[in-house]
Amino acid sequence: MHITASTVSLTVEDVAASKAFLTTHLGYEETAATEDFVSLAREDAAVDIVLLRRGIDVLPATQRDQRASGLILAFTLTGLEDEEKRLRAEGVEITMPLREEPWGERLFQVTDPNGVVIQFVEWVSVPDAEHA
């Protein structure tokens with residue numbers, strides 16, 4: 001197998017709201033769209049994102065009414081504090097404040113209008129055997 005790209009597909013109630021959040025605050029750009037679907041991408045290493053309206057009939061019947069929940073969309077980056085300040089200045093609510101874990105992970109979270117949790121991570125040290 002040779003993977004050429006990665007995409008996460010999220011089923012949400014309001015496709016337009018999540019699209020607006022991701023394009024406005026996270027620099028995603030629309031690559032394809034219909035009323036019930038949008039495909040988003042960035043030019044860097046970020047995962048592509050597909051947003052599907054809950055109930056859309058292209059999904060198997062067992063998946064149509066599910067929502068994106070119980071998952072965290074995580075992005076590893078540099079300049080974590082600057083990103084947290086930028087998002088806060090743009091009016092984005094920080095739903096988990098910036099913190100540092102004992103194993104060297106610094107992180108904070110925001111939540112999009114559909115409840116999708118987005119986590120930003122920066123590693124400040126290499127995890128040692130005790131915390132790996």
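The largest pocket holds about 240 Å³ of space, a pocket being, on a 1 Å grid over the protein atoms alone, an open set of points where a 1.4 Å probe fits, with protein on both sides within 12 Å along at least five of seven lines, and the volume being the space filled by probe spheres set on points joined across faces, edges and corners. Of the 13 residues that line this pocket, Arg42, Asp44, Ala46, Phe75 and Leu77 are the closest to its centre, where lining means having an atom within 4 Å of a point.

This is a predicted model, in which local features need pLDDT of at least 70 and side-chain atom pairs count only at pLDDT 80 or more, whereas totals for chains, interfaces and linings use all residues. Residues are numbered from 1 along each chain as its sequence is written, and side-chain values use heavy atoms, with hydrogens and water left out.

Helix 1, strand 5 (72–76) and helix 2 (80–89) each give at least two residues to that lining; helices (H or I, at least four residues) and strands (E, at least two) are DSSP runs numbered from the N terminus.

After helix 1 comes Gly27, with a positive phi near 75 degrees.

Finally, Glu122 sits in strand 8 (residues 117–123) and is buried, at a relative accessible area of 16%. A polar atom of the Glu122 side chain lies 3.0 Å from the backbone nitrogen of Gly79.

Terms used: Buried < 20%, exposed > 50% of the residue type's maximum accessible area, 1.4 Å probe, protein only. Polar contact = N/O pair within 3.5 Å; in protein donor to acceptor, adjacent residues only side chain to side chain.
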